[in-house]
Amino acid sequence: MLNLKDINWKKPGLFAAGVAFGTAGIKILTSDDAKKLYTNCTAAVLRAKSCVMKTAISVQENAGDILAEAKQINEDRAAEAEVVDDYCEVAEETEEAAETAEAEAATEA
């Protein structure tokens, strides 16, 4: 025969407590106050998303401006380098022409 004193009541008691807390938890989570909390939290998340998106758009616009300015700087530097290279080529050609003229003058003399 089953003796109630021999049964370990810890495990069934924990199970019953879990069922009771689970049922109470579901009642609390589906209550009107909980719905208001969820709604307010969702609204706050949407406001935060809007703020983050505004900031991201601002950063993208600034990055576009920075990129355009950087390209312009590089184009200006390339144009300056081209002018300097042209000047160096002309100077080298003039120097070579002067050396050739001196060499011809020395051979004729």
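This is a predicted model: local features need pLDDT of at least 70, side-chain atom pairs count only at pLDDT 80 or more; totals for chains, interfaces and linings use all residues.
**Figure 1. Overall dimensions of the protein.** Computed along its principal axes in the model, the C-alpha trace spans about 140 × 40 × 10 Å. The radius of gyration of the protein is 43 Å, whereas a compact globule of 109 residues would have a value near 13 Å. Buried residues account for 1% of the 109 residues, and the accessible surface of the protein comes to about 10,000 Å², with 63% of that surface belonging to carbon and sulfur atoms.

**Figure 2. Pro12 in helix α1.** Pro12 is found in helix α1, the element that covers residues 10-29. With a relative accessibility of 37%, Pro12 counts as partly exposed, because that value falls between the 20% under which a residue is called buried and the 50% over which a residue is called exposed. Pro12 and Asp65 are 53 residues apart along the chain, and their C-alpha atoms are separated by 69 Å.

**Figure 3. A nonpolar patch on the surface.** Three residues, Leu29, Leu37 and Tyr38, form a nonpolar patch on the surface, and together they have about 300 Å² of accessible area. Tyr38 belongs to helix α2, which comprises residues 32-108, and this residue is partly exposed, its relative accessible area being 37%.

**Figure 4. The cysteines Cys41 and Cys51.** A search of the whole structure finds zero disulfides. Cys41 is accordingly in no disulfide, and the nearest cysteine sulfur to it, that of Cys51, is 18 Å away; a disulfide would need the two sulfur atoms to lie within 2.5 Å. Cys51 is likewise in no disulfide, with the sulfur of Cys41 as its nearest cysteine sulfur at 18 Å. In terms of accessibility, Cys41 is partly exposed with a relative accessible area of 42%, and Cys51 is also partly exposed, with a relative accessible area of 47%.

**Figure 5. Thr55 in helix α2.** Thr55 lies in helix α2, the helix that also holds Tyr38. The relative accessible area of Thr55 is 44%, and Thr55 is therefore partly exposed, since this class covers the values between 20% and 50%. From Thr55 to Ala34 the separation is 21 residues in sequence and 32 Å in space, taken from C-alpha to C-alpha.

Note on methods: Residues are numbered from 1 along each chain as its sequence is written. Side-chain values use heavy atoms; hydrogens and water are left out. Patches are made of residues with over 30% relative accessible area and no salt bridge: like charges are joined within 9 Å, nonpolar side chains (Val, Leu, Ile, Met, Phe, Trp, Tyr) within 5 Å. Accessible areas come from the Shrake-Rupley method with a 1.4 Å probe; for residues, only the protein chains shown count as cover. A salt bridge is a side-chain nitrogen of Lys or Arg within 4 Å of a carboxyl oxygen of Asp or Glu. Helices (H or I, at least four residues) and strands (E, at least two) are DSSP runs, numbered from the N terminus. Buried means under 20% relative accessible area, exposed over 50%, partly exposed in between (1.4 Å probe, protein chains only). The radius of gyration is taken over C-alpha atoms; the globule rule is 2.2 Å times the number of residues to the power 0.38.
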